[in-house]
Amino acid sequence: MPRSTTRTLLREGDGGLVRRTTLPGGLRVITEQVPGVRSAAFGVWVGVGSRDETGRQMGAAHYLEHLLFKGTNQRSALDISASIEAVGGDLNAFTTKEYTCYYARVLDADLPLAIDVVCDVVTDALIRTEDVEAERGVILEEIAMHDDDPTDIVHDEFAAALFGDTPLGRPILGTEDTILGISRTSINGFYRRRYRPEAMVVAAAGNLDHDTVVRRVRAAFADVLDPAAEPTPPRAVRRPRRHEASVRVVNRPTEQAHLVLGVPGIVRTDPRRYALSVLSTVLGGGMSSLLFQEIREKRGLAYSVYSYAQGFADDGAFSVYVGCQPAKVDTVLDVCLSVIEQVAANGLSPAEVEHGKGQVRGATVLGQEDTGARMTRIAKSELNGETLPSLSQLIGRIDGVSVDDVRAVAGELLSGPATLAVIGPFDETTTFNAIG
């Protein structure tokens with residue numbers, strides 16, 4: 001009979017300990033013991049997201065996120081929510097393009113309850129026809145709410161412009177048409193095929209004992225483990241698709257125009273991601289950033305200005321968001337492109353690089369003060385097949401970013417074909433002279 005295997009992945013200087021057990025059936029259980037806290041975060045991460053849907057299934061992964069909380073053979077929807085809320089905990093889920101997470105954060109004494117509830121939700125959802133119909137209306141309302149907020153939808157429009165009609169270019173929520181058209185049979189089939197233990201990572205962080213967590217998870221998954229199964233390997237890193245410059249304009253009678261200007265980025269495991277993080281921080285990572293200073297502080301052209309990078313298994317994006325008056329879009333674009341072109345040609349100064357490294361370093365350390373963030377870090381590392389660095393190693397990689405590293409990644413990425421998405425009171429044939 002196959003046996004579980006356990007490895008110690010990391011010993012932190014503060015006494016923290018990260019261990020991983022792979023159960024028969026391929027289910028991985030990874031924990032981080034965090035000294036000095038009285039809470040615990042627990043999550044079941046499924047290596048399935050919106051990019052795993054066919055076109056007709058668009059929105060299925062997110063639909064499941066709703067349906068799994070509607071009831072199991074042991075618990076009603078009210079039982080599920082009330083059990084965690086009764087101990088002051090937080091129970092929730094989220095769907096991304098490449099994975100889905102169901103999680104709870106509770107006091108350390110209530111971790112056994114969190115394990116039982118979250119595992120029950122993931123492994124024994126009923127997916128009843130009446131629940132599918134009830135949540136169909138809820139999801140349509142969520143889509144309507146999302147579509148009413150141009151600061152949300154402009155990012156979907158940018159993804160559609162950059163990645164085209166591919167799974168990465170499609171909205172996570174699906175569309176009104178796909179949600180109206182998807183059947184209970186299709187959703188249940190997606191659940192039964194995709195939500196297999198070998199495709200999951202169970203992660204926990206906080207005041208906990210690894211062996212106790214493993215025993216409880218093993219018991220919770222006992223009925224669904226296939227002893228012959230092996231852990232699903234990380235998504236393959238394929239050659240990114242070729243991107244072309246494009247402009248996508250959505251005509252809305254808004255008081256403010258919302259635009260995202262971006263270029264193809266790097267895959268999430270690319271070692272240059274630390275240099276890109278520094279670059280993004282200096283360009284648009286705060287009130288002292290180059291774009292914020294040029295667009296808001298010096299010219300008063302906008303209120304919200306920021307940049308961000310996204311990395312997927314086989315592609316990526318680097319983007320800048322600005323919200324401004326419609327009449328100022330061309331001016332804002334001129335400023336954005338001028339700053340970007342200058343950085344692409346010359347990189348950043350040593351002082352700017354040091355400033356950016358300081359911001360990234362601080363955000364990284366402060367972000368790990370929370371057990372939920374620690375749980376997320378170890379789970380993503382396992383799903384992505386990466387070696388988990390210690391916090392000191394992570395800081396070392398950030399500190400190791402050089403001026404030349406930033407210049408190289410800026411020169412390669414920022415010189416690429418630009419993609420622009422704009423929402424505002426514009427004719428949809430508008431091309432904007434600054435792009436193309």
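**Exercise 1.** Find which residues lie nearest the centre of the second largest pocket.

*Solution.* Start with the lining: 19 residues, with D147, E157, P171, G174 and T175 nearest the centre. A pocket here is an open set of points on a 1 Å grid over the protein atoms alone, where a 1.4 Å probe fits, with protein on both sides within 12 Å along at least five of seven lines; lining residues have an atom within 4 Å of a point. Next, the elements giving two or more residues are α4 and α5, and α4 hands over the largest share, five residues. (Helices are DSSP runs of H or I, at least four residues, numbered from the N terminus.) The space comes to about 390 Å³, a volume being what is filled by probe spheres set on the points, joined across faces, edges and corners.

A quick note on the model: it's predicted, so local features need pLDDT of at least 70 and side-chain atom pairs 80 or more, while totals for chains, interfaces and linings use all residues. Residues are numbered from 1 along each chain as its sequence is written, and side-chain values use heavy atoms, without hydrogens and water.

**Exercise 2.** Work out which element gives the largest share of the lining of the largest pocket.

*Solution.* This pocket holds about 1,800 Å³. Its lining has 49 residues, and Y99, A309, Q310, G311 and K380 are the closest to its centre. The largest share, six residues, comes from α5.

**Exercise 3.** Locate I127 and decide: buried or exposed?

*Solution.* I127 sits in the loop between α3 (111-123) and α4 (129-147). Its relative accessibility is 1%, so I127 is buried (under 20%; exposed is over 50%, partly exposed in between, with a 1.4 Å probe and protein chains only). I127 also has a positive phi of about 50°, though not a glycine.
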